[in-house]
Amino acid sequence: MAYLCTMMKKYLLDLRVVENVPICGRYSLLKLTADDRLPEMVPGQFAELKVEGSPTTFLRRPISIHFVDRKRNEVWFLIAAVGNGTRQLTSLRRGDFLNCTIPLGNGFSMPSSNQENVLLVGGGVGIAPLLFLGEQLCDMGCRPSFLLGARKADDLVELDLFRQYGRVFLTTEDGSVGEQGFVTHHSVLEKESFQRIWCCGPKPMMMAVARYAAAHDICCEVSLENLMACGVGACLCCVEKTQKGNICVCKEGPVLNINQLLWPV
């Protein structure tokens, strides 16, 4: 059953920073809250965050919803400082306010049965939407497996959080932790059969996972990371070619079934 996210109301909110915790390397965990109850959100959706104080950043930054803590009324974002805009976001302090358009886009579909053996594959900052998805799968009684890849050990973050919701398998390109190579090289793909795969990360990685899923007749969804400026399908900068023509990833994605895409499989 798919989330019908296009019907969800979008909000323009000034959210207050609860914490902005530096994580090893370039990452920061940004936790935001509101005086009123946060809107409903589902795994795979994202927000457009307004960047203040950067003379070179004119557009909002699209960031995946990393986690929603309903008890604390918090929404979390995993920020990778890769440019002036994201570096400014990692410098926010407790008590600061951040203007957000949230929630945007369509999320992951959920399995119809909690008996399915499911795999969540993430690379780099692409792990971000998978934590929320893993928690929601656990809520429905499904115990997922995570396959997370990075260049080196320092690029793998929040492993203890992921382990709360399922098994965690790791790969690094330099072999510093887990199995050496890319995620599609991990031995778990040979040892186990999966009925469903969700994936987010660099496009070459997602395409490799899509080829594996197609070859084994596995239902697979990917979360695309096309450049998104407006977040509502108006500016047309995130267009992706699909089986049914061009779509705006920010509005009709970012999550798409691989059968919709024109990727070589």
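Just after helix H2, Gly141 adopts a positive phi of about 95°. The structure described here is a predicted model. The average pLDDT of the protein is 94, and 97% of the residues score at least 70. Residues 1–6 have a pLDDT below 50. Beyond near neighbours in sequence, this stretch has 17 contacts in the model. Where pLDDT is low, the predicted coordinates should not be read in detail.

Helix H2 spans residues 128–139. Nine of its 12 residues are buried, so the helix is largely enclosed by the rest of the structure. The buried residues are Ala128, Pro129, Leu130, Leu131, Phe132, Leu133, Gly134, Glu135 and Leu137.

Four aromatic pairs are present in the structure. Phe67 and Phe132 make an edge-to-face pair, with 6.3 Å centre to centre and 65° between the planes. This pair links distant parts of the chain: Phe67 lies in strand S5 and Phe132 in helix H2, 65 residues apart. Both Phe67 and Phe132 are buried. Together with Trp76 and Tyr165, these two residues form one aromatic cluster. Trp76 also meets a charged residue. Lys31 lies over the face of Trp76, at 4.2 Å from the ring centre.

Charged side chains also meet one another. The structure contains nine salt bridges. One of the nine joins Asp35 and Arg16, at 3.2 Å from N to O. Asp35 lies in the loop between strand S2 (27–33) and strand S3 (46–49), and Arg16 in strand S1 (residues 11–22), so this pair ties together parts that are 19 residues apart in sequence. Asp35 is exposed, at 72% relative accessibility. Arg16 is partly exposed, with a relative accessible area of 29%.

A salt bridge also connects the side chains of Glu40 and Arg70, at 3.8 Å from N to O. Glu40 lies in the loop between S2 and S3, and Arg70 in the loop between strand S5 (67–69) and strand S6 (74–80), so the pair ties together parts that are 30 residues apart in sequence. Arg70 counts as partly exposed, at 25% relative accessibility. Lys71 is also found in the loop between S5 and S6. Lys71 is exposed, with 84% relative accessibility. Between Lys71 and Cys250, the separation is 179 residues in sequence and 29 Å in space, C-alpha to C-alpha.

Glu192 and Arg167 form a further salt bridge, at 2.7 Å from N to O. This pair links distant parts of the chain, 25 residues apart. Glu192 sits in the loop between helix H4 (188–191) and strand S12 (196–200). Arg167 belongs to strand S10 (residues 167–172). Glu192 is partly exposed, with a relative accessible area of 24%. Arg167 is also partly exposed, at 37% relative accessibility.

Strand S14 (residues 239–242) and strand S15 (residues 245–248) pair in the antiparallel sense over four bridges. The two strands form a hairpin with two residues between them. Ile247 in S15 is the bridge partner of Glu240.

Methods:
Residues numbered from 1 in each chain as written. Predicted model: local features only at pLDDT ≥ 70, side-chain atom pairs only at ≥ 80, totals over all residues. Heavy atoms only, no water. Salt bridge = Lys/Arg side-chain N within 4 Å of Asp/Glu carboxyl O. Buried < 20%, exposed > 50% of the residue type's maximum accessible area, 1.4 Å probe, protein only. pLDDT = per-residue confidence, 0-100. Contact = heavy atoms within 4.5 Å. Pairing = 2+ DSSP bridges. Phe/Tyr/Trp six-rings, centres within 6.5 Å; stacked < 30°, edge-to-face > 60°. Lys NZ or Arg CZ within 6 Å of the ring centre and 35° of its normal.
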